[in-house]
Amino acid sequence: MTSPAKQKLVIVGNGMAPGRMLEHLLEAAPERFEITIFNAEPRVNYDRIMLSPVLSGEKAYEDIVIHDDAWYEGHGIRLLKGARVTGIDRSAKTVTAADGTVAAYDKLVVATGSGPIVIPVPGHKLPGVVAYRDLDDVEAMLAAAGKGGHAVVIGGGLLGLEAAAGLKMRGMEVTVLHLMGHLMERQLDPAAGYLLERSMEARGIRIITRANTHAIVGESHVEAVRLDDDTEIPADLVVMAVGIRPAAELAREAGIEAGRGVLVDDAMLTSDPDILAIGECVEHRGICYGLVAPLYEMAKVAAKTLIGEEAAYGGSVTATKLKVTGVDLYSAGDFAEAEGREEIVLRDAAAGVYKRLVLESNRIIGVVLYGETADGPWFFDLLKKGTDVTELRDTLIFGQAYQGGAQLDPMAAVAALPDDAEICGCNGISKGTIVKAIREKGLTALAEVRAHTKASASCGTCTGLVEQLMQLTLGDAYSKSAVEPVCGCTDLGHDDVRRLIVAKELKSIPALMQELEWRSSGGCAKCRPALNYYLLATWPEEYRDDGQSRFVNERVHANIQKNGLYSVVPRMWGGLTNPTELRAIADVADKFAIPMVKMTGGQRVDLVGVKKEDLPAIWADLSKVGLVSGHAYGKALRTVKTCVGSTWCRFGTQDAMGLGIKLEKSLWGSWTPAKVKLAVSGCPRNCSESTCKDVGIICVDSGYEIHYAGAAGLDIKGTEVLCHAKTEEETVEIVAALIQLYREQGRYLERIYKWAKRVGEESIKEAVVDDLDKRRALVERFAISQKHAQDDPWAARARGADAHEFAPLYDFAKLEAAE
């Protein structure tokens with residue numbers, strides 16, 4: 001009896017997915033198929049995920065080969081190297097390669113993988129610009145690295161960072177440009193992204209986030225990369241690692257259904273029942289995968305489908321691990337914030353450890369680990385199995401080894417420390433020194449312990465330990481000072497956070513949350529706006545304002561009303577306007593059918609009832625006549641109200657309008673802890689109501705009385721007299737110093753009158769009135785902030801900035817037309 005003829009199986013592509021499929025197929029049915037493989041690369045199958053160690057020099061190509069020539073020969077497989085397939089004839093059931101080779105098939109597997117995304121900026125075709133997908137790319141990078149020089153990697157994802165690390169190990173100076181706010185944003189949350197950035201920079205790799213490549217510069221070879229802000233970074237080599245795109249064109253041209261990738265069902269069958277597809281070229285249930293684990297799962301199902309067994313691929317939950325020696329990073333599942341989800345966060349700032357578990361219905365759905373990743377597979381197993389972790393919650397974040405064990409009492413752990421145990425690393429203060437000082441000097445407050453021992457007086461990381469020591473030593477006599485924390489994410493108060501931002505040079509929200517051991521991964525609606533302000537006020541030249549840490553009014557630069565519409569209030573310097581500005585306002589009101597135009601109490605015009613999507617166009621029209629944002633929505637200078645002063649009033653002693661305009665033009669722009677309102681009255685009759693403002697000026701014959709700390713809202717309070725100034729210039733200087741001191745000391749949402757009561761009038765007067773050097777230093781710091789802040793946000797958004805904020809969710813006109 002003769003055996004049945006073998007079916008012809010043709011495979012287009014020889015990557016890791018078809019290689020694994022062949023292993024399953026040959027094990028289950030070694031005699032079923034006559035196999036032909038078309039491989040566009042001129043080599044055998046190798047482990048692509050190990051290209052980075054080859055680039056870094058930790059491995060050679062021979063070390064990453066999966067199937068050598070002998071393996072193909074031993075299994076009777078015809079491997080055509082360097083044979084790129086150009087066409088599939090489904091009617092004739094043949095495949096044709098670029099070199100003219102034709103192969104017939106009974107079953108065809110498309111495994112064309114993916115191609116690199118190359119940003120089509122000017123210069124992207126220059127010699128010296130390479131992608132990073134295969135061994136040829138690695139060899140090109142190695143050739144460039146052999147000459148030394150500068151490498152720029154565009155893209156801070158997995159491949160980009162691995163390429164950067166490899167090139168650095170090969171001796172190049174490396175800069176990574178990443179468009180988003182933190183590295184590997186698809187796999188990591190901002191906290192872990194910050195730690196990764198810090199680790200890469202410690203290796204000598206420069207990281208620039210929010211970097212948009214404008215052009216690649218050079219004549220006959222790449223010389224530099226130019227960013228949108230005109231920064232130029234020298235480059236002898238540019239590596240494009242911005243992402244991949246499924247290589248679906250071959251299948252699409254053959255009439256096989258494709259979306260982003262080749263569409264397959266759960267059996268890995270395409271729209272043609274004799275053609276399967278696997279790997280990175282595939283789109284399954286709307287998802288395209290770029291990691292190896294899903295590809296191997298597809299391969300196993302495809303092998304079973306080919307031999308007639310029922311099998312189904314249900315999609316994959318993926319885990320990510322960066323292949324850079326010395327960087328421990330693990331990510332799996334969905335770690336985005338959403339309603340109904342909880343998180344457990346562990347941070348160890350000293351050890352550089354960050355762990356975050358995202359739970360939903362008491363089951364792990366997301367894992368992010370940095371610094372300690374040994375429990376990653378265990379967490380991943382719980383995630384994939386959907387295990388209920390209710391009984392494990394108290395110790396879950398500590399890992400598998402702690403399950404079933406008793407929790408350590410933190411107080412007992414501190415009590416067990418020997419007297420020579422170091423508590424404060426910054427100042428080298430031991431447990432015994434602190435306890436002795438508490439007992440001998442009768443210290444009962446943390447501030448006293450700091451003053452006498454310096455423990456926790458520097459970075460503040462050991463504050464919790466010091467407080468535990470105080471509680472152990474004093475017992476019931478210890479009463480922890482009632483410092484209101486910023487929010488539930490931390491025990492630190494606003495003042496501690498501001499102090500530590502400076503002491504530890506924290507310059508991003510992820511850095512702050514990691515170093516200060518925030519209990520949540522990304523903060524909350526209460527702390528993020530405060531942290532964003534503190535960082536912006538502390539580092540005006542380095543920190544970039546995080547729009548997503550602001551509420552809607554400040555994100556869209558207009559006040560949202562109760563019906564979802566907005567109000568627009570242009571700035572009118574000192575309450576003055578002119579016919580041109582008023583015509584522009586009237587024209588805008590008509591053009592955009594704005595239902596209400598109202599005069600405000602701050603001597604401005606309010607356009608009420610504006611559609612969100614109309615805001616940029618309205619601002620464009622107002623900008624044409626010089627109108628800028630009035631910041632009526634922001635924690636910033638709102639208005640400077642004036643009377644006509646000596647220019648028109650017979651009682652006026654000074655030019656109130658002129659001074660008001662000078663003050664407003666010098667003070668607008670920079671954010672403040674809370675809103676700030678000013679007024680200038682031309683005489684003691686106080687027509688501008690200066691004595692209930694945050695800052696008020698009363699003009700008198702001898703000069704100017706400067707008042708501050710008034711209120712006329714929920715609280716009613718008259719101002720305090722700060723000082724007398726002889727000239728307008730001195731007045732402007734003192735007010736600028738006062739505002740800057742408030743910016744540096746104020747707690748977020750704390751109005752000036754509350755700040756003044758808290759810190760004391762004497763300390764304020766000493767800094768802005770009595771000590772000229774301190775005053776000038778405050779003014780200088782304010783000027784630095786203003787240099788970056790006095791940029792009209794309306795004009796910027798009229799030019800297209802943050803366009804996504806103003807796009808309507810639905811185009812109702814199109815919907816109505818469709819109906």
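**Contacts, helices and domains**

A: In this predicted model, Asp 621 is in contact with Val 588, Lys 591 and Phe 592, leaving aside its neighbours within four places in sequence.

Q: Which helix is the place of Asp 621 in?

A: Asp 621 lies in helix H19, which covers residues 615–623.

Q: And is Asp 621 buried or exposed?

A: Asp 621 has a relative accessible area of 16%, and because buried means under 20%, this residue counts as buried.

Q: How many Å separate the C-alpha atoms of Asp 621 and Gly 652?

A: Those two C-alpha atoms are separated by 36 Å, with the residues standing 31 apart along the chain.

Q: Switching to H21, at roughly what angle does its axis cross that of H22?

A: The axes of helix H21 (residues 728–745) and helix H22 (residues 752–759) cross at roughly 75° and come within 11 Å, and the two helices are therefore roughly perpendicular to each other.

Q: Which residues make that contact?

A: From H21 the contact takes Leu 738, Ile 739, Leu 741, Tyr 742 and Gln 745, while H22 supplies Ile 752, Trp 755, Arg 758 and Val 759; by class, the contact of H21 with H22 has 7 nonpolar, 1 polar and 1 charged residues.

Q: What about H24, how far apart are its axis and that of H21?

A: The axes of H21 and helix H24 (residues 772–789) are 8 Å apart, and the helices pack at an angle of about 75°, which makes H21 roughly perpendicular to H24. Among the residues in contact are Glu 730, Glu 733 and Arg 743 of H21 and Arg 775, Arg 776 and Phe 782 of H24. The contact of H21 with H24 divides into 9 nonpolar, 2 polar and 7 charged residues.

Q: Back at the other end, how many residues does H1 have, and what does it span?

A: Helix H1 (residues 16–28) has 13 residues and reaches 19 Å from its first C-alpha to its last, close to the 18 Å expected at 1.5 Å a residue. The buried residues of H1 are Met 16, Ala 17, Pro 18, Gly 19, Met 21, Leu 22, Leu 25 and Leu 26.

Q: Last topic, which domains does the assignment give?

A: The domain assignment of the chain gives domain 1 (7–113 + 246–306), domain 2 (129–242), domain 3 (494–550) and domain 4 (637–789).

Q: How many Å separate the centres of domain 2 and domain 3?

A: Taken over C-alpha atoms, the centres of domain 2 and domain 3 are separated by 27 Å, and their contact takes 7 residues from domain 2 and 8 residues from domain 3.

How values were computed: Residues numbered from 1 in each chain as written. Predicted model: local features only at pLDDT ≥ 70, side-chain atom pairs only at ≥ 80, totals over all residues. Heavy atoms only, no water. Axes fitted to C-alpha atoms, helices over the stretch in contact; angles between N-to-C directions. Helix = DSSP H or I, 4+ residues; strand = E, 2+ residues; numbered from the N terminus. Parallel < 35°, antiparallel > 145°, perpendicular 65-115°, else oblique. Contact = heavy atoms within 4.5 Å. Nonpolar A, V, L, I, M, F, W, Y, C, P; charged D, E, K, R; others polar. Expected span 1.5 Å × (residues − 1). Buried < 20%, exposed > 50% of the residue type's maximum accessible area, 1.4 Å probe, protein only. Domains from an automatic or database assignment.
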